[in-house]
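I opened this notebook to keep a record of what I looked up, entry by entry. Each entry takes one topic, and I give the cut-offs for a term where I first use it.

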Amino acid sequence: MTETGQTRIQNRFQACAREGRAALVTFVTAGDPDFETSSAILNALPAAGADVIELGVPFTDPMADGVPVQLAGQRALKAGQTLRKTLAMVESFRRAGHDTPIVLMGYYNPIYVYGVEAFLAEARRVGVDGLIVVDLPPEEDAELCLPALKAGVSFIRLATPTTDDKRLPKVLQNTSGFVYYVSMTGVTGGAIADYGAVGDAVARIKRHTDLPVAVGFGVKTAADAATIAKGADGVVVGSALVERVRLSLDAEGKATEKTVSAVTSLVSELAQGVRSVAKAA
Amino acid sequence: MNAPSSPNSYRNGPDENGRFGLFGGRFVAETLMPLILELEQAYNAAKADPSYHAEMGEGLKHYVGRPSPLYFAERLTEQFGGAKVYLKREELNHTGSHKVNNVLGQILLARRMGKKRIIAETGAGQHGVATATLCARYGLECIVYMGAVDVARQAPNVFRMQMLGAKVVPVESGTKTLKDAMNEALRDWVTNVATTFYCIGTVAGPHPYPAMVRDFQSIIGKETREQMQEAEGRLPDSLIACIGGGSNAMGLFHPFLDDASVEIFGVEAAGHGIPSGLHAASLTGGKPGVLHGNRTFLLMDDDGQIKDAHSISAGLDYPGIGPEHSWLHDVGRVKYLSATDEEALEAFQLISRLEGIIPALESAHALARVAELAPQKPKDHLMVVNLSGRGDKDIPQVAEILASR
């Protein structure tokens, strides 16, 4: 929290709203393709135009992810990434003076094995602002969500097309920071079928909450970002960025001098995309 | 972990949150949560509906061929020189294993729910074959996810599924075995939520699957009680079954959990041996974690990354175990042992030659421990082994191993 009692996430969404635009939320996998390159990418994201950073915590069995994010996690694990190293990455990011909010995104098991209390204390200490844990629905809030809120770490929930009006209040109840609307039923990296339905869904969620609503799953280009930005408070891009990492690697799968810029150049384009549409503040 | 105190009954789980003590739960993506709640409701409604039970009864009798015999294995008993060994002949079921008991229940439920597209994961292929069979019987679309490694080592079952009209999708991600097949099935489900019923093959996954699959498999233990009563006029003294996810074991054990006189043993796959680290024994060599919708004992590293399981048997090659087994292990009601690849191979050959029954490599793990336990027991000790599947599917693999020696 800052002196105003607001979190970095709240401040950032409010700042974007004052600019009359949606926030750009970028996802990269921690440790992909290796610790050093991944740290360099992370540290370059704010200047490239990322408003909020989702940092993927690699897991061997990412049940809700499509192939691009699966492969990114496998590259990171092969290079020796662990949750401890991911927290260390965030610590050095904050030491470098960045105040861009960071949300760790992943699956519960690495956190559970680390130990919930120890993890939250360390996350809070190094400057993690929020958590998205894909396999913890509201029914399991006692596991991590409630302890996180108590520890001052936001818990961001996913709402999906299957989350109907009856269920929405339950999903939103202990959500903080922002709501992540998953634009389709499916794994990460698919294609958005119906942009109109996304706008309707965001409007529906906003009837139930004052939190900002970010939309993700399937956003790949600046044009996609601009389209989503019209109706949402944030646009999440992930698979397209980790694909940029993959395509920049050499034949042995190692980082090249192009790897960091391959990611940041797309982030810059996306940042222009969200700035190209004005929305009502 | 501290062992919780003994409950009044071992048969009351799970609680309303799908927990067996610490284990179980509903650790799934939000997209799936409404479906899992819908499934729970539909299952509860079906359980209360006599017409559903009548349909199950008909199917089990005339299509599956139940009851399966409880067979006194005279020559095995002589060989071991101790306990009277009975085999519960689940390998005689239609499709050749216990898997069909559960699939029938789930497919009838899917029909009630109006779902026309069925997906399943499979390891050895026995669950895939059972699912493909019932989908053929009821005219439903069937997609089976199977690790690419398992597709290669269980070729006969792949062909069977295809003959039955199912689409077999080889899974190339991760370790290309059962856990990856389950990941891929979950990815399919999350994508095709409106049309699709996920037919899980074991007592794992998010609530209500562990309880539901157990209920369907409990026919094994219920029949065993009656049949042993008829044969010997009393309850058995011990039960033994192999465990991957643990559905055949749970089905045999559950009706006996509150009978204190009945000793119960589960046998995990020890692969090359527990000390080698190359095994599939989650309880013996793992610790509690969260995977595939439930908390249970898992094989993993210090960072919570899931480790590869190793077993000669594709059906046991899974780094987790059903949550109710984790709980029964914790409270000490069931003793969990393990058997190596080598011990299973020996038992496979022994039972084939002595009884004229070629067991599945999975079931051979249980039989391997019988070889050790039976001789320690008195001659009036009644021991029931779940012969969960037949070994036809394993013959090419076993022939190759034996030829290479």
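The entries below go from the ground rules to the cores, a strand, the salt bridges, the interface and some backbone details.

**Entry 1: ground rules.** I note that this is a predicted model, in which local features need pLDDT of at least 70 and side-chain atom pairs count only at pLDDT 80 or more, while totals for chains, interfaces and linings use all residues. Residues are numbered from 1 along each chain as its sequence is written, chains are lettered from A and ligands numbered from 1 in the order in which they are written, and side-chain values use heavy atoms, with hydrogens and water left out.

**Entry 2: the nonpolar cores.** I looked for nonpolar cores, meaning sets of buried Ala, Val, Leu, Ile, Met, Phe, Trp, Tyr and Cys residues joined through side-chain atoms within 4.5 Å. Here buried stands for under 20% relative accessible area, exposed for over 50%, and partly exposed for what lies in between, with a 1.4 Å probe and protein chains only. The largest core has 90 residues, and the members that touch the most others are Phe178(A), Tyr180(A), Leu109(B), Trp189(B) and Tyr198(B). Apart from that core lies another of 70 residues, among them Ala48(A), Ile53(A), Val90(A) and Leu266(A). I then listed contacts (heavy atoms within 4.5 Å) for Phe178(A), leaving out residues up to four places away in sequence, and found among them Ile9(A), Phe13(A), Val52(A), Ile156(A) and Leu211(A).

**Entry 3: strand E1 of chain A.** Helices (H or I, at least four residues) and strands (E, at least two) are DSSP runs, numbered from the N terminus. How many residues of strand E1 (residues 23-29) of chain A are buried? I found that seven of its seven residues are. Ala23(A), Val25(A), Phe27(A) and Thr29(A) point one way from E1(A), whereas Leu24(A), Thr26(A) and Val28(A) point the other way. Two strands pair if DSSP finds at least two bridges between them. E1(A) pairs with E9(A) in the parallel sense over four bridges, and there Gly234(A) is the bridge partner of Ala23(A). E1(A) also pairs in the parallel sense with strand E2 (residues 52-56) of chain A, over five bridges, where Val25(A) has Val52(A) as its bridge partner.

**Entry 4: salt bridges.** Side chains of opposite charge can pair when their charged atoms come close. The rule I used asks for a side-chain nitrogen of Lys or Arg within 4 Å of a carboxyl oxygen of Asp or Glu, and over all chains the structure holds 45 such salt bridges. One of them joins Lys206(A) and Asp233(A), with the closest N and O atoms 2.7 Å apart. Lys206(A) lies in helix H9 (residues 195-206) of chain A and Asp233(A) in the loop between helix H10 (222-229) and strand E9 (234-237), so the pair ties together parts that are 27 residues apart in sequence. Lys206(A) is partly exposed at 35% relative accessible area, whereas Asp233(A) is buried at 15%.

Glu343(B) is in helix H14 (residues 341-355) and Arg369(B) in helix H15 (residues 361-373), 26 residues apart. Glu343(B) counts as partly exposed at 29% relative accessibility, while Arg369(B) is buried at 7%.

**Entry 5: where the chains meet.** The contact takes 35 residues from chain A and 37 residues from chain B. Buried area is the accessible area (1.4 Å probe) that two parts lose on being put together, summed over both; for chain A and chain B it is about 2,800 Å², 52% of it on carbon and sulfur atoms. In chain A, Asp61(A), Met63(A) and Tyr112(A) lose the most area to chain B, together 20% of what that side buries. Five salt bridges cross this interface, and I noted Arg295(B) with Glu143(A), the closest N and O atoms being 2.5 Å apart.

**Entry 6: backbone details.** Most residues other than glycine have a negative phi, and most peptide bonds are trans. The peptide bond from Asp32(A) to Pro33(A) is cis, with omega near 0 degrees, and Pro33(A) sits in the loop between E1 and H2 of chain A. Phe217(A), not a glycine, has a positive phi of about 75 degrees, and Phe217(A) is buried at 8% relative accessibility.
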